[in-house]
Amino acid sequence: MKKADSISDGEMKKVSGGWHWPAQCTDIRYRIDYGDCIRCNYCPESCDNGAISIHDVDFNKLPVIDLELCDGCGECVEGCPVAAIKAI
């Protein structure tokens, strides 16, 4: 087994709760709890895959996660200041 400091970024991904192999990340998906969301718009910036975008919904600008683009890395969860993004 490799030591964590000898594994390249392409081999493992950091997810809430620790490091996981990319194959494990593919089954993790997230949703946004709009009751908790403060519309800070940090989550689109935190997503390297472009899976989160801002949409106008009933005159509100809300973040929306595209589950086809989401790889489950968890960067949006770690960056959310109010923990509005949750695993499904």
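In which sense do strand β4 and strand β5 pair, and over how many bridges? The views below come from a predicted model, in which local features need pLDDT of at least 70, side-chain atom pairs count only at pLDDT 80 or more, and totals for chains, interfaces and linings use all residues. Residues are numbered from 1 along each chain as its sequence is written, and side-chain values use heavy atoms, with hydrogens and water left out.

**View A. Pairing of β4 and β5.** Strand β4 (residues 52-57) and strand β5 (residues 60-65) pair in the antiparallel sense over six bridges. Strands (E, at least two residues) and helices (H or I, at least four) are DSSP runs numbered from the N terminus; two strands pair if DSSP finds at least two bridges between them. S53 has V64 in β5 as its bridge partner. The two strands form a hairpin with two residues between them. In the turn, D58 has a positive phi of about 50 degrees.

View B. N60 lies in strand β5 and is partly exposed, at 38% relative accessibility. Partly exposed falls between buried (under 20% relative accessible area) and exposed (over 50%), with a 1.4 Å probe and protein chains only. The C-alpha atoms of N60 and R39 are separated by 9.1 Å, with the residues 21 apart along the chain. R39 sits in the loop between β3 (30-32) and α2 (42-46). Its phi is positive, about 55 degrees, although R39 is not a glycine. R39 is partly exposed, with a relative accessible area of 33%.

**View C. The loop at A83.** A83 belongs to the loop between α3 (75-79) and β6 (85-87). A83 is not a glycine, yet has a positive phi of about 55 degrees. Its relative accessible area is 46%, which makes A83 partly exposed.
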